[in-house]
Amino acid sequence: MSRRRISALMAAVVIGTAAPVLLPAASASAAACSSYPSWVAGKAYVTGNIVRYTDGKAYIAEHDNPGYDPTISTWFWEPYACDGSSTPVGNFPVTEAQFNQMFPSRNSFYSYSGLTAALSAYPGFANTGSDTVKKQEAAAFLANVNHETGGLVYIVEQNTANYPHYCDWSQSYGCPAGQAAYYGRGPIQLSWNFNYKAAGDALGIDLLNNPWLVQNDAAVAWKTGLWYWNTQNGPGTMTPHNAMVNGAGFGQTIRSINGSLECDGKNPAQVQSRVDAYNRFTSILGVTPGANLYC
């Protein structure tokens, strides 16, 4: 499992996130939704709880909340596909059954509901271009995530000796959570204090002071992965999102995530691992992988 080693001299570029939007509720039968408990105003809910609203549709808690109305408090709730095993949530082109097929041994922290709860942060993700491009982008993101986390197994960086290295004291805000607090976490293994600051600013979450949210809140973890995917070039020349929607190909997503250590012949085995996962995932989604798979 690789780890991006982003230089402390690299400035984190923040691209403002679009305002969260309410995804359309996925179609589901009343019978399917009836298995979930009715929403109760004022009742405390935790991230991942699923309720049936008064309109018969289901909603999943994106963040802990004291019983806010799911149709009003879209920061705390997202529509949920009651028959999630066969129906994609909103416009996301991957069903829960396909997700489970991709990650048969995943850590339960990396839930499908956590991923779909994070989608509102970047509504263009896997929702731009043709249906084929949408599925290719979803497969590309998940293939890179697969590589970074050992198949969605690891939540935090395993080499604890590296933990103190991710604090760039030249930044004016320093490392308020502690020098060893900014180690790799989540699906893209977010690391360095400046990346936690940039991601938190873009997402409206104070990750600089509370980086542990990325390993404790599944929706936040997925959002940091989507933040990097949609807004950061890394060592590449384009964001992974732009690489997929503009036809540059899967290889450029590798370059933007870990190109300085893997591309141009530096570690062909790691590149091949990512490509193999991408080919497998596009096959599951029923689309071709496209051209330019390598970097």
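How many bridges hold the pairing of strand β1 (residues 50-52) with β2, and in which sense do they pair? Three bridges, in the antiparallel sense. Some notes for a first look follow.

1. What you're looking at. This is a predicted model, where local features need pLDDT of at least 70 and side-chain atom pairs count only at pLDDT 80 or more, while totals for chains, interfaces and linings use all residues. Residues are numbered from 1 along each chain as its sequence is written, and side-chain values use heavy atoms, with hydrogens and water left out.

2. The overall layout. The protein chain has 10 helices and three strands. Going along the sequence, the pattern reads α-β-β-β-α-α-α-α-α-α-α-α-α. Helices here are DSSP runs of H or I with at least four residues, strands are runs of E with at least two, and both are numbered from the N terminus.

3. Burial and surface. Out of 295 residues in the protein chain, 54% count as buried. Buried means under 20% relative accessible area, exposed means over 50%, and partly exposed is in between (1.4 Å probe, protein chains only). The chain exposes about 11400 Å², and carbon and sulfur atoms supply 53% of that. These areas come from the Shrake-Rupley method with a 1.4 Å probe; for residues, only the protein chains shown count as cover.

4. Contacts along the chain. Take the contacts between residues at least 6 apart in sequence: 60% of them join residues at least 24 apart. A contact is a pair of heavy atoms within 4.5 Å.

5. The sheet. Three strands make an open sheet in the order β1-β2-β3, with antiparallel pairing. β1 and β3 are the edge strands, each pairing on one side only. From one strand to the next the twist averages 35°, using axes fitted as lines to C-alpha atoms (for helices, over the stretch in contact) and angles from 0 to 180 degrees between N-to-C directions. Strands count as paired if DSSP finds at least two bridges between them. As background, strands of a sheet pair through backbone hydrogen bonds, either parallel or antiparallel.

6. β2 and strand β3 (residues 77-80) pair over four bridges, in the antiparallel sense. I60 is a handy landmark: I50 stands opposite I60, and I60 also stands opposite E78 in β3. Strand β2 (residues 58-61) is covered on both faces, with A58 and I60 buried on one side and Y59 and A61 buried on the other. β1 and β2 form a hairpin with five residues between them, and G56 in the turn has a positive phi of about 90°.

7. The cores. A nonpolar core is a set of buried Ala, Val, Leu, Ile, Met, Phe, Trp, Tyr and Cys residues joined through side-chain atoms within 4.5 Å. The largest has 68 residues, and F92, F99, F125, F141, L142, W222 and W227 touch the most other members. Helices that each supply at least two residues of this core include α2 (96-102), α4 (131-149), α7 (218-231) and α10 (268-285). α7 gives the most, with eight residues. Another core lies apart from it, of seven residues, among them W39, Y45, Y53 and Y59.

8. Helix α10. The buried residues of α10 include V275, A277, Y278 and F281. Among the elements that cover its buried residues are α2, α4, α8 (240-245) and α9.

9. N146 is found in helix α4 and is buried, with a relative accessible area of 13%. Not counting residues up to four places away in sequence, N146 touches F103, G151, L152, A277, R280 and F281. Why does K134 count as buried? Because its relative accessibility is 18%. Leaving aside neighbours within four places in sequence, K134 is in contact with P93, A126, N127, T128 and G129.

10. H63, in a loop. H63 is found in the loop between β2 and β3, and is buried at 8% relative accessible area. Leaving aside neighbours within four places in sequence, H63 is in contact with T47, W75, F76, D217, V220 and K223. G48 is 15 residues apart from H63 along the chain, and their C-alpha atoms are separated by 7.8 Å.
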